[in-house]
Amino acid sequence: MLSPRSLFQEILDHDESYRLFCSIAAGGEAQGGWENGRIAALVPESLRGLAPRIARHGADEDKHGRIFRALLRRRGLEPCEVPPDTDYTMLLERQGIGLAHERLRSDRPLTEQDIIVYLAHSRVTEQRAAEQMALLVRHFGDHPELGRAVRQIARDEDGHLAYCHEELLRLAAAGHGDTIRRTLRTCALAEIRVHRDVSLAVMARTGRILGWSRSRAALLAAGIHAVYAWERLAGWRRMVTLRMPERLDALGGPATAPEYA
């Protein structure tokens, strides 16, 4: 049966596919930690109040990377090199989404426009992350090996998403509404393409590791294309709407220590 639970259970039960999954996740989280850390250091003076929240966001992402590496160590595995066609964060950068790493490596302060780009990019990608972690919690929240990890990361991703909603709405009220709407739409349409491409690449590599038949691989690829078609038609809109979250100031405190490192 091709259910999300059965597919992930198959990945979890095989050391090499599990190693690939955790390595990709750890690499993406570590990259997000570095990006947020640099953005926090370069926030313009007019938005300095955001710096502690951006730094907290980065600390959370670093923590998630440590959690995924700890899950590998528990299995006696070392991280593998992340294949370029599965590197979600770098593929988004190549699409011109978010702030370029070259810009973040400089010491020149960011602009308010840069911060809007950062928050819009984060709002879109955190939507994806929150949905994926919610799926894992639904199917593996009580799993003895993964349960605590996925629950903790899911809580953090929900907080990141709430923070993006709150800050973008505040900036929209300050007169940046049109820019925010345009930037969100551009980010969302690019993200769904990159997510499709990364999903196809991950499934292809996983299928080779697990020895999937051509028919099974084709069926999974067709499912990924079907999800993309729905997102291209209408699903992207969920990534661009803004609502004041129930949980305000979600990143107002220090990052919690990981339980798994």
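Asp-62 is partly exposed in this predicted model, where its relative accessible area is 32%. The residue is found in helix H3, which covers residues 51–74. Leaving aside residues up to four places away in sequence, Asp-62 touches Glu-29, Ala-30, Gly-33 and Trp-34. A separation of 16 Å lies between the C-alpha atoms of Asp-62 and Gly-253, although 191 residues part them along the chain.

With 24 residues at 1.5 Å a residue, H3 should span 34 Å, and because its end C-alpha atoms are 35 Å apart, the two values agree. H3 is followed by Gly-76, which has a positive phi, near 75°.

The loop between H3 and helix H4 (88–94) contains Glu-78. This residue is exposed, since its relative accessible area of 59% is over the 50% cut-off. Not counting residues up to four places away in sequence, Glu-78 touches Arg-19 and Leu-72. Glu-78 and Ala-40 are 38 residues apart in sequence, and their C-alpha atoms are 31 Å apart in space.

The packing of helices was examined next. Two packed helices are described by the angle between their axes and by the distance between those axes. For H3 and H6, the angle is about 35° and the axes are 13 Å apart. The crossing in which H3 passes H6 is left-handed. On the H3 side, the contact is made by Ile-54, His-57 and Glu-61, and on the H6 side by Tyr-118, Ser-122 and Glu-126. Sorted by class, the contact of H3 with H6 has two nonpolar, two polar and two charged residues.

The axes of H6 (residues 112–140) and H7 (residues 147–210) come within 3 Å and cross at roughly 150°. The crossing of H6 and H7 is left-handed. By class, the contact of H6 with H7 has 25 nonpolar residues, 13 polar residues and nine charged residues.

The cysteines were then considered. A disulfide is a covalent bond between the sulfur atoms of two cysteines. The count of disulfides in the model comes to zero. Cys-22 is buried, with a relative accessible area of 0%. Cys-187 is also buried, its relative accessible area being 4%.

A further feature concerns the backbone. Most residues other than glycine have a negative phi. Asp-249, however, has a positive phi of about 50° although it is not a glycine. Asp-249 lies in the segment after helix H8 (214–233).

Definitions and conventions:
Residues are numbered from 1 along each chain as its sequence is written. This is a predicted model: local features need pLDDT of at least 70, side-chain atom pairs count only at pLDDT 80 or more; totals for chains, interfaces and linings use all residues. Side-chain values use heavy atoms; hydrogens and water are left out. Axes are lines fitted to C-alpha atoms, for helices over the stretch in contact, and angles run from 0 to 180 degrees between N-to-C directions. Helices (H or I, at least four residues) and strands (E, at least two) are DSSP runs, numbered from the N terminus. A crossing is left-handed if the near helix is turned anticlockwise from the far one by less than a right angle, and right-handed if clockwise. Ala, Val, Leu, Ile, Met, Phe, Trp, Tyr, Cys and Pro count as nonpolar, Asp, Glu, Lys and Arg as charged, and the others, Gly among them, as polar. A disulfide is a pair of cysteine sulfur atoms within 2.5 Å. Buried means under 20% relative accessible area, exposed over 50%, partly exposed in between (1.4 Å probe, protein chains only). Contact means heavy atoms within 4.5 Å. The expected span of a helix is 1.5 Å times one less than its number of residues.
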